Amino acid sequence: MVLLSLSVAGRRQSRASTVSAAELEELLSAEREGTAGSSQHSLQQVGDNSDAGSAHGSGDGHSGEPEESEEVQYSDLPRDVYGTAIFALVKDLPDVLDGKVDLEQYTRLAYCLVVLVINQGVQILILTWIQGLLTDPSVRAMQLLYMGFHGTVFDKDGNFLPEEWLNFEQRVDLCQSGLSSFSFIFVILFLWTLTMLRELRSTNELFSNFQKLPTTFEDSDMVIEAGEPGAQVLELSALTSTMRVVLYSVVIVPKIIVSLTLLYSGLQWLTATSNFADLILNAVALEFVIAVDDLFLEAFAPQCLVDDLETMKFSHKVSDDGEDETELAKLEARRALIGYVRSFLLVGASLVAVYVYLVQLQSVLPGYAVDISGKCKAFVAHELDPICDELV
């Protein structure tokens, strides 16, 4: 019986990592009393307990420490001409250079790059025309009007002449200009600044998505096909150094240049607008330049390209570094607080920037003393109000 128990123990040695001498002596005693079945059950229980302890204590070699897990976060590509250019550059250009491309890929790459060049050319032309055909003439007209105002209504010592003001023929034009109402022009310029700030933040988000992608040396590692057939996702998970430079050059840099140029030209044109109604219309018209990116995609792109664009996502791996839920919750709360503080600072900085521009930086009327609004306020109230306020 003793030999039988030892044989059973030998066969189960793979499951029992360690059995103490005391436990073995207890089992041998049970065998001598004729309880072989009970001893075998005890040995099985000892082995199971030893396995459980070993699994709990050592696990996969981390000694009970929390494991580091990774989570994949997806972000969409911009749904415009720049998004299609990103898709074609990372998906098709490497295959073209390696000679593995088919006709569809070659055509898609050529189409996306040609449309991108046309889009950027149109935006550059519009910005040039806005400055040369709209902004500069408006600035000149406003300067001539202001010079006539000061040359007629003020004497050589700078004293205001009320009688000359009443006889000033261009009072209506002057009092309808944007600069005649500081608060009105301030709000319009602030809204235009917010519009361009939205574009700059969108570009910054795209730049951040590029920055988060690791660098790879293989073109084949940039785009990975994932998901099931019919629900396939193209994960943009890495970039080569060369592709990173290409994307910054043809996407990020042009978007920043267009946004900053349009911001300045828009501020200058709106400041020089000589009519309140035109001020609103001009602000709306300026957004047309921003919409060119979307317009080219929606007007010309084939549906298959739009569908392909929707399947590609930025893929970012986020590690929790083994932190527990409490620490993760504190980290998220800290990030949220930083985000709100940043937003408050952004609002304040925008208001200050618009005010400084109007008072110090605008080149429409350099050194403008804000002396139009006070003269025009009474004139507008008495002579430009409706004749009939109520229906009789």
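**View 1. Asn119 in helix α6.** Asn119 is buried, at a relative accessible area of 0%. Buried means under 20% relative accessible area, exposed over 50%, and partly exposed in between (1.4 Å probe, protein chains only). Asn119 sits in helix α6. That helix spans residues 103–153. Helices (H or I, at least four residues) and strands (E, at least two) are DSSP runs, numbered from the N terminus. Setting aside neighbours within four places in sequence, Asn119 is in contact with Val81, Tyr82, Val292, Asp293 and Phe296. Contact means heavy atoms within 4.5 Å. Asn119 and Asp293 are 174 residues apart along the chain, yet their C-alpha atoms are separated by 6.7 Å.

The model is predicted: local features need pLDDT of at least 70, side-chain atom pairs count only at pLDDT 80 or more, and totals for chains, interfaces and linings use all residues. Residues are numbered from 1 along each chain as its sequence is written, and side-chain values use heavy atoms, with hydrogens and water left out.

**View 2. The buried side of helix α12.** Helix α12 covers residues 292–300, and its residues Val292, Asp293, Phe296 and Leu297 are buried. They lie on the same side of α12, because they cover an arc of only 140 degrees around the axis. The arc is taken from the directions from the helix axis to the C-beta atoms. Exposed Glu298 and Ala299 are on the face turned away from the buried side of α12. The cover over the buried residues includes α4 (81–91), α6, α10 (241–271), α11 (276–290) and α13 (303–311).

View 3. A salt bridge is a side-chain nitrogen of Lys or Arg within 4 Å of a carboxyl oxygen of Asp or Glu. The structure holds six. Asp92 and Arg108 form one, with the closest N and O atoms 2.7 Å apart. Asp92 is in the loop between α4 and α5 (93–98), and Arg108 is in helix α6, 16 residues apart. Both Asp92 and Arg108 are buried. Arg108 also forms a salt bridge with Asp308, where the closest N and O atoms are 2.9 Å apart. Asp308 lies in helix α13 and Arg108 in helix α6, so this pair ties together parts 200 residues apart in sequence. Shared partners join Asp92, Arg108 and Asp308 into one network.

**View 4. The Lys313–Asp76 salt bridge.** The closest N and O atoms of Lys313 and Asp76 are 2.5 Å apart in this salt bridge. Lys313 belongs to strand β4 (residues 312–319) and Asp76 to strand β1 (residues 70–76), 237 residues apart. Asp76 counts as exposed, at 53% relative accessibility.

**View 5. A nonpolar surface patch.** Leu125, Trp129, Leu133 and Leu134 form the patch, with about 420 Å² of accessible area together. Patches are made of residues with over 30% relative accessible area and no salt bridge: like charges are joined within 9 Å, nonpolar side chains (Val, Leu, Ile, Met, Phe, Trp, Tyr) within 5 Å. Accessible areas come from the Shrake-Rupley method with a 1.4 Å probe; for residues, only the protein chains shown count as cover. Leu125 lies in helix α6. Leu125 is partly exposed, with a relative accessible area of 43%.

**View 6. Confidence along the chain.** pLDDT is the predictor's confidence in each residue, from 0 to 100. The chain has a mean pLDDT of 80, and 77% of its residues reach 70 or more. Among the elements, helix α1 (residues 2–11) has the lowest mean pLDDT (40), and α4 the highest (94). Over residues 1–21 the pLDDT is below 50; this stretch has 23 contacts in the model beyond near neighbours in sequence.
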